[in-house]
Amino acid sequence: MRSAKSRWCRIGGWLAASIMVCAIVSAGVAAPGSAAPGDVVSAVPVPGWAGLDRVEQITYRTTGAMGEPTTATALVRVPRGTPPAGGWRIVAWDHGTSGLAQNCGLTGSANLEAGTGPTVARLNDAGYAVVAPDYLGLSAQSPGPHPYLNTRTEATATIDAVRAARSGVGGLSSTWAVAGVSQGGHAALATGHLAPRRAPGLDFRGTAALAPASNAETLLALAFPGMPSVPLFPVTNFAAVLTGMDATRTGVDVTSYLSPTGRMTIDRMARSCSSSWASVVAGQTPGALLAKPLSQPPFTAAIHDYMAVPTSGYRDPIMIVHGTRDTTVPIPLTVALLGQLAAGGNPAEFYAIDSDHRDVGAKGGLDYTVQFLHRVIPPR
């Protein structure tokens with residue numbers, strides 16, 4: 001027997017839009033406007049990704065920087081064999097900087113794919129299902145540009161990817177942890193802070209962050225017109241943050257702080273992957289991008305809200321690993337973060353290793369990560 005909803009949908013004379021909504025309701029699928037964060041839009045295999053089998057891409061619902069409904073994508077891979085009782089425990093892996101455009105994600109960037117595949121395999125071999133989010137704006141299914149180093153959307157995209165993976169891919173546990181490197185370390189910390197509140201139905205256990213970006217908002221806000229290039233102040237990442245802030249309506253008119261050169265630069269950055277950032281800035285200095293100093297209260301408040309790592313309010317363990325030779329995210333920034341976390345009542349387990357930024361995982365960071373994961377979510 002047809003339901004009352006189905007009979008209602010058969011009434012003629014309605015507008016085409018109403019007919020479409022009726023069809024959705026009759027099929028038992030939520031209309032797009034009512035879809036909840038973590039709902040799955042699609043799940044498709046990605047044969048041969050990074051030379052691995054059993055990789056699926058999920059497209060799922062999440063929220064944008066202003067809380068608006070949007071979509072994002074993530075990759076999911078489970079270990080070989082039969083899932084244990086209760087399902088495979090999950091590690092969300094947050095990747096490092098890859099760019100701002102829709103072709104800069106895990107299925108669009110060959111560099112990111114090659115760099116992430118071995119980590120996914122390593123975590124699978126350690127006994128975990130891996131959910132690797134693309135963040136916002138880094139795939140064709142997600143509107144861009146990517147809000148680079150925005151703590152809120154990094155966290156929501158990661159948490160909602162885990163929720164979507166559990167409904168879109170079989171055999172996954174509700175118990176999970178997060179790990180990431182560089183921008184992904186920044187994202188992992190933001191995720192660990194928000195996870196218990198955004199997804200209380202899941203069993204979140206801890207955060208591992210390798211060479212996480214932190215305290216950069218304080219440094220970037222020191223920039224001023226005429227500022228020369230200085231060591232440890234990469235103009236590429238500076239321009240990427242300004243581009244992300246401009247795209248997310250942070251409460252300040254970012255373009256009012258920019259010179260004509262700066263406006264042209266962020267327009268190009270919005271369409272670029274990180275491999276081409278050096279050519280986009282073309283030897284410019286930080287000061288060449290600016291029309292007025294950034295050290296004014298409206299801007300300093302906005303950049304802090306946009307990208308500051310939370311330093312209090314964590315419920316679960318945190319581990320941080322950083323290389324002593326890192327010049328991309330200098331280790332003193334993490335030393336400052338450790339002090340801030342301790343002052344906020346959340347002291348972190350910390351390891352300093354002999355590495356630079358690029359090889360922090362290979363030089364021991366992933367070993368420490370797996371050891372940490374085995375303590376907080378032992379594989380079954």
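Q: How much space lies in the largest pocket?
A: Let's start with the general idea. Rolling a probe the size of a water molecule over the atoms shows where empty space is left. In this predicted model, the largest pocket holds about 1,400 Å³ of space.

Q: Which residues lie nearest the centre of the largest pocket?
A: Look for Gly96, Thr97, Ser182, Thr328 and His357, which lie nearest its centre. They belong to a lining of 49 residues. Helix 3 (110-125), helix 6 (216-220), helix 7 (235-247) and helix 12 (361-376) are the elements that give two or more residues to this lining. Helix 3 provides the largest share, six residues.

Q: How do the residues of that lining divide into nonpolar, polar and charged?
A: The lining of the largest pocket has 25 nonpolar, 21 polar and three charged residues.

Q: What about the second largest pocket: how much space lies there?
A: About 210 Å³ of space lies in the second largest pocket. It has 15 lining residues, and Glu68, Leu136, Pro143, Pro145 and Ala247 are the closest to its centre. By class, its lining consists of seven nonpolar, six polar and two charged residues.

Q: I would like to look at cavities next. How many of 30 Å³ or more does the structure hold?
A: Here a cavity is a space where the probe fits but cannot get out, while a pocket is open. The structure holds two cavities of 30 Å³ or more.

Q: Which residues line the largest cavity?
A: You can find Trp49, Val55, Leu75, Val76, Arg77, Val120, Val130 and Ala132 around the largest cavity. Strand 3 (69-77) and strand 5 (129-133) each supply at least two residues of this lining, and strand 3 gives the most, with three. Seven of the lining residues are nonpolar, none is polar and one is charged.

Q: And which residues line the second largest cavity?
A: Its lining is made of Pro84, Gly87, Trp88, Arg89, Gly127, Pro379 and Arg380. These divide into three nonpolar, two polar and two charged residues.

Q: Now for helix packing. At what angle do the axes of helix 4 and helix 5 cross?
A: The general idea comes in two parts. Two packed helices are described by the angle between their axes and the distance between the axes. Here, the axes of helix 4 (residues 151-168) and helix 5 (residues 183-198) cross at roughly 65° and come within 7 Å. Helix 4 is therefore roughly perpendicular to helix 5, and the crossing is right-handed.

Q: Which residues make the contact between helix 4 and helix 5?
A: On the helix 4 side, they include Thr151, Arg152, Glu154 and Ala155. On the helix 5 side, Gln183, His186, Ala187 and Ala190 are among them. The contact as a whole has six nonpolar, six polar and five charged residues.

Q: How far apart are the axes of helix 7 and helix 8?
A: The axes of helix 7 and helix 8 (residues 260-269) are 9 Å apart, and the helices pack at an angle of about 85°. They are therefore roughly perpendicular to each other. Where they meet, helix 7 brings Thr236, Ala239, Ala240, Leu242, Thr243 and Asp246, and helix 8 brings Thr265, Ile266 and Met269. By class, that contact has five nonpolar, three polar and one charged residues.

Q: At what angle do helix 3 and helix 12 pack?
A: Their angle is about 35°, with the axes 11 Å apart, and the crossing is right-handed. Thr119, Arg122 and Leu123 of helix 3 meet Leu366, Asp367, Val370 and Leu373 of helix 12. The residues in this contact are four nonpolar, one polar and two charged.

Q: Let's finish with the backbone. Is the peptide bond from glycine 144 to proline 145 cis or trans?
A: Most residues other than glycine have a negative phi, and most peptide bonds are trans. The bond from glycine 144 to proline 145 is cis, with omega near 0°. You will find proline 145 in the loop between strand 5 and helix 4.

Q: Does serine 182 have a positive or a negative phi?
A: Serine 182 has a positive phi of about 60°, although it is not a glycine. Serine 182 sits in the loop between strand 6 (172-181) and helix 5.

Conventions
Residues are numbered from 1 along each chain as its sequence is written. This is a predicted model: local features need pLDDT of at least 70, side-chain atom pairs count only at pLDDT 80 or more; totals for chains, interfaces and linings use all residues. Side-chain values use heavy atoms; hydrogens and water are left out. On a 1 Å grid over the protein atoms alone, a cavity is a set of points where a 1.4 Å probe fits but cannot get out, and a pocket is an open set with protein on both sides within 12 Å along at least five of seven lines; lining residues have an atom within 4 Å of a point. Grid points are joined across faces, edges and corners, and a volume is the space filled by probe spheres set on the points. Helices (H or I, at least four residues) and strands (E, at least two) are DSSP runs, numbered from the N terminus. Ala, Val, Leu, Ile, Met, Phe, Trp, Tyr, Cys and Pro count as nonpolar, Asp, Glu, Lys and Arg as charged, and the others, Gly among them, as polar. Axes are lines fitted to C-alpha atoms, for helices over the stretch in contact, and angles run from 0 to 180 degrees between N-to-C directions. Angles under 35 degrees count as roughly parallel, over 145 as roughly antiparallel, 65 to 115 as roughly perpendicular and the rest as oblique. A crossing is left-handed if the near helix is turned anticlockwise from the far one by less than a right angle, and right-handed if clockwise. Contact means heavy atoms within 4.5 Å.
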